[in-house]
Amino acid sequence: MKSLRIGIIGAGLAGISAARALASRAHTVTLFDKSRGSGGRMSSKRTEAGELDMGAQYFTARDPRFRRELQRWLDAGWAAEWTPSLYRYDEQGLTASPDEQRRYVGVPRMTGLSRQLLEGLTFNSGVRITDLQRDDEALWHLQDEHDRRYGPFDRILLAVPAPQAVTLLHDAPSLAQAAAQVRVAPCWTLALSFAEPLAIDMDACFVRTGPLDWISRHLSKPQRFGADSWIIQSNAAWAAQHENADPAFVRETLTGAFAEVVDTPLPAPSQSLVHRWLYARSVSPCDWGALAAPDLGLYVCGDWCLSGRIEGAWLSGLQAADSVV
Ligand code: FAD
Ligand code: NAI
């Protein structure tokens, strides 16, 4: 097959996975992302208290293809196993909840992984694509929010959350319709940092009552440094109910819920950050793998096409790359 020029919108794990698979087959790949960095929801924020994982917290690997890829990342030192002392909090209170599941993180932060995976690829950051146009020769051109144009491309691959894909799929109504069916829930993340470490044994907790879903201790992850920071994430129902809440209210409510779980009076934090993820998690992820309109040269992937997790994002990108070629 001749070498194709392929434009990929979205440099989260799905877009990066597709890009690497296509580049390894000698196609010319150009990635675009509206954010300044890469990694999408697998994101970390540089703060005075350290580089904190505000989005995805860890990943698991169940599919043999993803396990093989993970082994490469581990060998290269781009990811490492995380073995937290795990707890569960529900109406009965806080209990240790150890298990056999192996969990992994990017090092020295979640985005460390996407940075490494992008090496050697052409990546345009800070470019929000607002339109896709197909010319008379069936070649694609991209337009950004400042009316700059990019292209031509033989194929376009969208690797963005479902609601963002819908807005770009006017030329492929059947794909737009499929993406529009996917319901996506928000999530609020609070990061609290303390000058003195909190006297708590727990590293991470699955929360099953109240507004929270998850708590983790930054310093329990491999190769993390800085202050004693805690990542506190709301559950989807609470976030949906408080999607447009004042961040001060979110901070206060989630801090209160955290104090209740750890049953400890909290000192004043040295730093506190709130972030809202509007398109955090697919309420009911599909098992499509990827979507394709081969007659148009248009392809769609993302975690919402498969499992709603990091592993699914990676595999969805691979599947989209396979459909392209
Ligand atoms: P994304 O990472 O969302 O990437 C899409 C990219 O497209 C983004 O970088 C975005 O900026 C870009 N983009 C969108 N529109 C445009 C446009 N018009 N132009 C240019 N660029 C655009 N998964 C796990 O497995 N384990 C976890 O512990 C976990 N925890 C999570 C916690 C939170 C708070 C959140 C939000 C998610 C979590 N997830 C977790 C889910 C995981 O982050 C996702 O499954 C995975 O990162 C999705 O990758 P993706 O490439 O499909 O999408
Ligand atoms: P996993 O196997 O560790 O967890 C899957 C689910 O099993 C957990 O959500 C939890 O409910 C339960 N669980 C696992 N181990 C447990 C234990 N020891 N004690 C009590 N409950 C336990 O990881 P997997 O399957 O890779 O899932 C990824 C994680 O990412 C999940 O926790 C999921 O909630 C989270 N996620 C969060 C999003 C958000 O928006 N906050 C979006 C997408 C995923």
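Me: How do the residues of the shell around ligand 2 divide into nonpolar, polar and charged?

Reply: This is a predicted model: local features need pLDDT of at least 70, side-chain atom pairs count only at pLDDT 80 or more, and totals for chains, interfaces and linings use all residues. Residues are numbered from 1 along each chain as its sequence is written, chains are lettered from A and ligands numbered from 1 in the order written, and side-chain values use heavy atoms, without hydrogens and water. Ala, Val, Leu, Ile, Met, Phe, Trp, Tyr, Cys and Pro count as nonpolar, Asp, Glu, Lys and Arg as charged, and the others, Gly among them, as polar. On that basis the shell around ligand 2 holds five nonpolar, three polar and six charged residues.

Me: Which residues come nearest to ligand 2?

Reply: There are 14 residues around ligand 2 (a heavy atom within 4 Å). Those that come nearest are Tyr58, Thr60, Arg62, Ser97 and Arg208.

Me: How far is an oxygen atom of ligand 2 from an N or O atom in the side chain of Thr60?

Reply: Nitrogen atoms of ligand 2 lie 2.9 Å from a polar side-chain atom of Asp99 and 3.3 Å from an N or O atom in the side chain of Arg281. For the Thr60 side chain, the distance to a ligand oxygen is 2.5 Å.

Me: Which residue in β4 is the bridge partner of Lys45?

Reply: Strands β3 (residues 44-47) and β4 (residues 50-53) are antiparallel, paired over four bridges (DSSP runs of E, at least two residues; pairing needs at least two bridges). A hairpin of two residues joins β3 to β4. Within this pair, Lys45 is bridged to Leu52.

How values were computed
Polar contact = N/O pair within 3.5 Å; in protein donor to acceptor, adjacent residues only side chain to side chain.
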